[in-house]
Structures are given as C-alpha cells and as structure tokens.
Amino acid sequence: MDTTAWIVIGAALVLLTVGVAGVLLLRVLRARKLLADAGIPLRDKALVWAAVIYTVSPVDLLPDPVYLDDIGFLLLALRSLHTAARAVGAGRRAERPVEAASLVP
C-alpha cells in the first residue's frame, strides 16, 4: 500500500473516532440531566464524572495503549451509579401509596 492509502485510512479512522466521541458526548450530557433529576446522591454522580475525566486525561496508572485501568474505573463508577439508582427507585416505590384499585382482583 502506498502512502496515500494509509493517509485515507487514517483520516477515515479519525473521522469515525470523532463521530463516536460526539455521540458519546451527547449521551453523557443527556445522562447528566437525568442524574440531576433522579435524586441520586452527589457522591455517586461525582464518581461517574471522575471516571469520565480519568478516561480522557493523559495521566494513567497504566500506559495508554492498555485501557484496562480506564475501563475498570468506568465499570466501577457505573456499578456504583446503578446501585444508587436502584436504591433511589426502591425508595420511591416504598413511598408510593397503595391504590385501592390495585387491591381488587
């Protein structure tokens, strides 16, 4: 393959990466709005944002070609967020009054 082909392949990969990053950024911003409205504790929200910042930062525990630390930190943050959301959801279900119509078979 000549140099032009490698440049075209590299440009296509860069465009694909930018497109995926843009979609993910939109999802993160939407998730931010949902987190603000959901009543999830600040600690769990901060852990998610810290994981996002750690993932995009150039400072890593392992060199950048190895994304195991980034993925691990993101999974830990998402697991914490999922647990907090489940606890908030269970608390809301417990607070909801039982309707009389739901008791009738």
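Colleague: Which residues make up the largest nonpolar core?

Modeller: This is a predicted model, in which local features need pLDDT of at least 70, side-chain atom pairs count only at pLDDT 80 or more, and totals for chains, interfaces and linings use all residues. Residues are numbered from 1 along each chain as its sequence is written, and side-chain values use heavy atoms, without hydrogens and water. A nonpolar core is a set of buried (under 20% relative accessible area, 1.4 Å probe, protein chains only) Ala, Val, Leu, Ile, Met, Phe, Trp, Tyr and Cys residues joined through side-chain atoms within 4.5 Å. The eight members are Leu 35, Ile 40, Val 48, Ala 51, Ala 77, Leu 81, Ala 84 and Val 88.

Colleague: Which helix gives the most to this core?

Modeller: Helices are DSSP runs of H or I with at least four residues, numbered from the N terminus. Helix 2 and helix 3 (68–95) each supply at least two residues of the core. The most, four residues, come from helix 3.

Colleague: With which residues is Val 48 in contact, leaving aside its neighbours within four places in sequence?

Modeller: Val 48 is buried in helix 2, as are Asp 44, Lys 45, Ala 51 and Tyr 54. Contact means heavy atoms within 4.5 Å. Beyond those neighbours, Val 48 is in contact with Ala 77 and Leu 81.

Colleague: What pattern does the chain follow along the sequence?

Modeller: The secondary structure comes to four helices and zero strands. Helix 2 covers residues 42–56, and helix 1 covers residues 3–38. Read along the sequence, the pattern is α-α-α-α.

Note on methods
Expected span 1.5 Å × (residues − 1). Buried < 20%, exposed > 50% of the residue type's maximum accessible area, 1.4 Å probe, protein only.
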